[in-house]
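The sequence and the structure are shown first.

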Amino acid sequence: MNTTERKKAVILVSGGMDSAVTIAIAREQGYDVHALSVAYGQRHGAELEASERVSRTLGAVAHKVVTVDLRAIGGSALTADIEVPLDTDQQPDAAAIPVTYVPARNTIMLSIALGWAEVLGSSDIWCGVNAVDYSGYPDCRPAFIEAFQVLANIATKAGVEGAGIRIHAPLMKMSKADIAREGARLGIDFSQTVSCYQADSAGRACGHCDACRLRAQGFRDAGLPDPTRYV
């Protein structure tokens with residue numbers, strides 16, 4: 001009898017295309033996926049519904065939703081009464097960080113993932129952050145992921161006494177087109193995902209926010225049909 005225990009991974013899942021591809025890559029590499037989504041006060045519930053749907057479809061062994069209401073501090077178009085910018089020409093290397101940036105969001109999410117990983121006995125945390133085709137958020141850049149891994153290994157029992165903590169960001173240097181192609185290779189049904197900053201209750205996308213525009217351009221550049229449902 002094979003008694004080899006499969007590796008456990010805690011994966012942050014937003015319900016969008018990037019986290020779906022991240023789950024599929026981890027599964028391909030032999031991990032049992034423990035999917036984690038955070039209800040942080042985002043504008044719509046469709047994102048969380050998509051995270052559960054995607055996690056189940058892609059074979060996660062568990063999906064947990066933790067609530068941390070960042071509306072209490074606001075400061076973002078996603079957590080406060082601030083309009084989501086539409087049809088902008090925001091570039092990844094732009095000096096200004098857009099108002100859709102949520103203060104400390106990825107730091108908070110990775111911290112929760114770190115706690116669950118310790119409880120599960122997992123040394124591996126995965127996230128779908130990307131620093132090529134993105135909105136310029138500082139917590140999606142390599143320096144942040146590297147720094148958080150250092151923090152994880154000095155701030156936890158698992159880091160100090162155990163096998164250590166590794167933060168995996170397999171999409172970091174991929175374009176949206178690369179991500180779309182990788183998803184196609186892995187057989188992901190992207191119609192089940194939701195990326196829009198202001199999707200409606202049915203998960204239909206606006207087609208005009210930065211997230212929608214980057215996603216649509218990725219499918220175009222990859223030469224793949226866009227399965228996104230638009231309003």
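## The largest cavity

Helix α3 supplies four residues to the lining of the largest cavity, the largest share of that lining. The model is a predicted one. A search of the whole structure gives three cavities of 30 Å³ or more, and the largest of them holds about 790 Å³ of space. Its lining has 38 residues, of which S14, D18, R105, G128 and Y197 are the closest to the centre of the cavity. Two or more lining residues come from each of α1 (17-28), β2 (31-39), α2 (46-57), α3 (105-120) and α7 (210-222).

Sorted by class, the lining of the largest cavity has 20 nonpolar residues, 11 polar residues and seven charged residues.

## Helix α2 and the residues after it

Helix α2 runs over 12 residues, and the distance from its first C-alpha to its last is 16 Å, close to the 16 Å expected at 1.5 Å a residue. Its buried residues include A46, E47, A50, S51, V54 and S55. Viewed down the axis of α2, the buried residues fall within an arc of 165°, so they line one face of the helix. Among the elements that cover the buried residues of α2 are α1, β2 and β3 (62-67).

Is L58 buried or exposed? With a relative accessible area of 19%, L58 is buried, because the cut-off for a buried residue is under 20%. Not counting residues up to four places away in sequence, L58 touches A20, I23, R27 and I188. L58 and K8 are 50 residues apart along the chain, and their C-alpha atoms are separated by 15 Å. Also just after α2, G59 takes a positive phi of about 90°.

## Helix α6 and its flanks

Helix α6 covers residues 176-185, and K176, A177, I179, A180, E182 and G183 are buried in it. The buried residues of α6 pack against α1 and α7. Just after α6, G187 has a positive phi of about 75°.

Leaving out residues up to four places away in sequence, S175 touches V132 and D133.

Most residues other than glycine have a negative phi. Which residue has a positive phi of about 50° although it is not a glycine? That residue is D87. D87 is in the loop between β3 and α3, and its relative accessible area of 45% makes it partly exposed.

A104 is found in the loop between β3 and α3. Its phi is near 65°, a positive value in a residue other than glycine. A104 is partly exposed, with a relative accessible area of 33%. The C-alpha atoms of A104 and P138 are separated by 9.5 Å, and the two residues are 34 residues apart along the chain.

## T107 in helix α3

T107 belongs to helix α3. With a relative accessible area of 31%, T107 is partly exposed. Once its neighbours within four places in sequence are left aside, T107 is in contact with F144 and F148. T107 and A20 are 87 residues apart along the chain, with 20 Å between their C-alpha atoms.

Note on methods:
Residues numbered from 1 in each chain as written. Predicted model: local features only at pLDDT ≥ 70, side-chain atom pairs only at ≥ 80, totals over all residues. Heavy atoms only, no water. 1 Å grid on protein atoms, 1.4 Å probe; cavity = no way out; pocket = protein on both sides within 12 Å on 5 of 7 lines; lining within 4 Å. Points joined across faces, edges and corners; volume = space filled by probe spheres on them. Nonpolar A, V, L, I, M, F, W, Y, C, P; charged D, E, K, R; others polar. Expected span 1.5 Å × (residues − 1). Buried < 20%, exposed > 50% of the residue type's maximum accessible area, 1.4 Å probe, protein only. Arc of directions from axis to C-beta. Contact = heavy atoms within 4.5 Å.
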